[in-house]
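Subject: Structure handover

Hello,

Here is the structure I promised to pass on. Please open it first, then read my notes below.

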Amino acid sequence: MQVEFALQRDRQNMGRRYVEVFRCKRQDYYNAVAAEVNYEGIYDNDYHGSPPPSRAKRFSDKDQMEYTEILKMRGLPFSAKKAEIVEFFKDFKLIDERIHIACRPDGKATGEAYVEFISAEEAKRAMSKDKMTIGSRYVELFPSTQDEARRAESRSRQ
């Protein structure tokens, strides 16, 4: 019940900061906490609030993540259109009508999109475009789910 309550806070503000909330496995949570604390149990202040390199390395290993046929794109130019996303993934088989560019309730783009490929394997291959650019913006790619894409799509319609 607490997890569902926390997920309702996704894409809201905490004070003046924008916050995204994601589901994760219990072990991922433990790894993140352990990375913030050195092995003597004292917070490592050398990083001044930034995650230690070991955590960044561990969590950027997207090969270990579970894939579906959907990838989330983050960091898109706000002006990005479907045609630019199709061009970005031109070497991969995606489903054109299953590209969703996320928008805020006022209709402005959020800089995120969800793209469906013909298979989970094709989506995983398309991850080779992670951190490549569209225009002057580098775009991050993440494995996603039908549920996450549907929620983003329904938020865009409100």
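One definition before anything else: a residue is buried under 20% relative accessible area, exposed over 50%, and partly exposed in between (1.4 Å probe, protein chains only). By that rule E116 is buried, at 12% relative accessible area. More on E116 in a moment.

This is a predicted model, so local features need pLDDT of at least 70 and side-chain atom pairs count only at pLDDT 80 or more, while totals for chains, interfaces and linings use all residues. Residues are numbered from 1 along each chain as its sequence is written, and side-chain values use heavy atoms, with hydrogens and water left out.

**Overall layout**

The chain has 6 helices and 7 strands. Helices (H or I, at least four residues) and strands (E, at least two) are DSSP runs, numbered from the N terminus. In sequence order the pattern reads α-β-β-α-α-β-α-β-β-α-β-β-α. The chain has 158 residues, and 32% of them are buried. A contact means heavy atoms within 4.5 Å. Of the contacts with a separation of 6 or more, 64% join residues 24 or more positions apart.

**Surface**

Accessible areas come from the Shrake-Rupley method with a 1.4 Å probe; for residues, only the protein chains shown count as cover. The chain exposes about 11000 Å² of accessible surface, and carbon and sulfur atoms hold 52% of that. There is a nonpolar surface patch made of Y29, Y30 and V33, with about 310 Å² of accessible area together. Patches take residues with over 30% relative accessible area and no salt bridge; like charges are joined within 9 Å, nonpolar side chains (Val, Leu, Ile, Met, Phe, Trp, Tyr) within 5 Å. Y30 sits in helix α2 (residues 26-36). Its relative accessible area is 43%, so Y30 is partly exposed.

**Salt bridges**

Side chains of opposite charge can pair when their charged atoms come close. The cut-off used here is a side-chain nitrogen of Lys or Arg within 4 Å of a carboxyl oxygen of Asp or Glu. The whole structure holds 15 salt bridges.

Start with E66 and K25. Their closest N and O atoms are 4.0 Å apart. E66 is in the loop between α3 (53-59) and β3 (70-74), and K25 is in the loop between β2 (17-19) and α2, so this pair ties together parts 41 residues apart in sequence. Both ends are exposed: E66 at 65% relative accessibility, K25 at 55%.

Next, E148 and K72. Here the closest N and O atoms are 3.7 Å apart. E148 belongs to helix α6 (residues 146-157) and K72 to strand β3, so the pair links distant parts of the chain, 76 residues apart. Both ends are buried: E148 at 14% relative accessibility, K72 at 2%.

Then back to E116, which pairs with R98. Their closest N and O atoms are 3.1 Å apart. E116 lies in strand β5 (residues 109-117) and R98 in strand β4 (residues 94-103), so the bridge ties together parts 18 residues apart in sequence. E116 is buried, whereas R98 is partly exposed at 33%.

There is also a network of salt bridges. It links D10, R11, E20, K72, R74, E112, E140 and E148.

**Aromatic rings**

Rings of Phe, Tyr and Trp (its six-membered ring) pair if their centres lie within 6.5 Å; planes under 30 degrees apart count as stacked, over 60 as edge-to-face and the rest as tilted. This gives 2 aromatic pairs. F88 and F89 are edge-to-face, 4.9 Å centre to centre with 80° between the planes. F88 is buried at 7% relative accessible area, and F89 is buried at 0%.

F89 and F117 are also edge-to-face, at 5.1 Å and 90°. F89 is in the loop between α4 (82-88) and β4, and F117 is in strand β5, so the pair ties together parts 28 residues apart in sequence. F117 is buried, at 1% relative accessibility. F88, F89 and F117 form one aromatic cluster.

Which charged end sits over the ring of F88? That of K129, 4.7 Å from the ring centre. The rule is NZ of Lys or CZ of Arg within 6 Å of the ring centre and within 35 degrees of the ring normal.

Best wishes
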